[in-house]
Amino acid sequence: MRHLLLIFVLLCAGAAAAQDYPSLHRVTGVASNDVLNIREEPAGGAPIIGQFRPGQRGIEVMALSENGRWGLVNSGERAGWSSMRYLTREGAGSWRDGQTALNCLGTEPFWRMPIFLPTHRAEFHAAGEGGFELVTDTGALPTTEFPPVLAIPFSGTREGMAVVRGELCSDGMSDMAFGLRVQVFWRGDTAGLSGCCRISD
């Protein structure tokens with residue numbers, strides 16, 4: 001299953017970048033006594049692996065299928081596909097505009113870094129080390145469009161930078177998909193950290 005999903009993910013990566021994914025969506029056009037299915041593959045006859053409720057919000061779509069009719073979403077600890085006919089984008093912003101909160105994480109070593117944009121606050125937590133607060137730069141953050149990248153400099157307990165890319169990513173621990181890849185660099189350290197991010201609503 002993971003190999004099939006990876007093939008579909010690679011096929012839709014170009015479309016995802018062009019449409020500025022990942023982005024948050026809500027369920028629309030689904031009756032109150034019905035659900036929106038999440039399927040194993042981007043096809044109406046594929047096995048169902050989960051569901052969204054009518055009106056459910058904060059659904060992160062990481063990429064589109066090759067024909068643009070299906071969105072790559074997560075259901076529990078695995079990724080699947082839902083019909084874009086019933087998913088409406090929430091807001092007109094982009095994860096690159098510095099206004100979207102992000103939850104980033106990595107493994108080997110295990111760490112997580114919630115970045116509370118646009119409030120210019122972040123936290124860093126690592127297994128066995130506890131956590132500490134960081135302050136992100138104010139004002140417009142540096143970004144590129146091709147390829148889509150956002151740089152987030154930070155200071156506080158430590159100084160450094162998080163570089164977030166619009167690229168499909170795996171945490172290496174589950175069958176979930178992430179729409180953003182991140183590298184974290186600390187001032188004075190020669191080794192950075194790699195991981196994935198999801199959009200927070």
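Buried, as used here, means under 20% relative accessible area, exposed means over 50%, and partly exposed covers the range in between, with a 1.4 Å probe and protein chains only. The structure is a predicted model, in which local features need pLDDT of at least 70 and side-chain atom pairs count only at pLDDT 80 or more, while totals for chains, interfaces and linings use all residues. Residues are numbered from 1 along each chain as its sequence is written, and side-chain values use heavy atoms, with hydrogens and water left out.

**The chain as a whole**

- The protein chain has one helix and 16 strands, where helices (H or I, at least four residues) and strands (E, at least two) are DSSP runs numbered from the N terminus.
- The radius of gyration of the protein chain is 17 Å, which agrees with the value near 17 Å for a compact globule of 201 residues; this radius is taken over C-alpha atoms, and the globule rule is 2.2 Å times the number of residues to the power 0.38.
- Along its principal axes, the C-alpha trace of the protein chain spans about 55 × 35 × 30 Å.
- Of the 201 residues in the protein chain, 46% are buried.
- The protein chain exposes about 10300 Å², and carbon and sulfur atoms supply 51% of this area, as computed by the Shrake-Rupley method with a 1.4 Å probe, where for residues only the protein chains shown count as cover.
- Among contacts with a separation of 6 or more, 50% are made by residues 24 or more positions apart, a contact being heavy atoms within 4.5 Å.

- Strand 5, residues 70–75, is mostly covered, since six of its six residues are buried.
- On one side of strand 5 the buried residues are Trp-70, Leu-72 and Asn-74, and on the other they are Gly-71, Val-73 and Ser-75, which leaves both faces covered.
- Strand 5 pairs with strand 6 (residues 78–83) in the antiparallel sense over six bridges, two strands being paired if DSSP finds at least two bridges between them.
- Within this pairing, Leu-72 has Trp-81 in strand 6 as its bridge partner.
- The two strands form a hairpin with two residues between them, and Gly-76 in the turn has a positive phi of about 65°.

- Strand 13 (residues 149–156) and strand 14 (residues 160–169) run antiparallel and are joined by six bridges, and they form a hairpin with three residues between them.
- Val-149, which lies in strand 13, counts as buried because its relative accessibility is 13%.
- Leaving aside neighbours within four places in sequence, the contacts of Val-149 include Trp-95, Arg-96, Pro-142, Val-163 and Val-164.
- Val-149 and Gly-166 are 17 residues apart in sequence, and their C-alpha atoms are 6.3 Å apart in space.

**Loops and backbone geometry**

- Most residues other than glycine have a negative phi, and most peptide bonds are trans.
- In the loop between strand 8 and strand 9, where Glu-108 is found, a cis peptide bond joins Glu-108 and Pro-109, with omega about 0°.
- Glu-108 has a positive phi of about 55° although it is not a glycine, and Glu-108 counts as exposed because its relative accessibility is 74%.
- The peptide bond from Leu-117 to Pro-118 is also cis, with omega near 5°, and Pro-118 is placed in the loop between strand 9 and strand 10.
- His-120, placed in the loop between strand 9 and strand 10, has a positive phi of about 65° although it is not a glycine, and at 24% relative accessibility His-120 counts as partly exposed.
- Phe-146, found in the loop between strand 12 and strand 13, counts as exposed at 72% relative accessibility.
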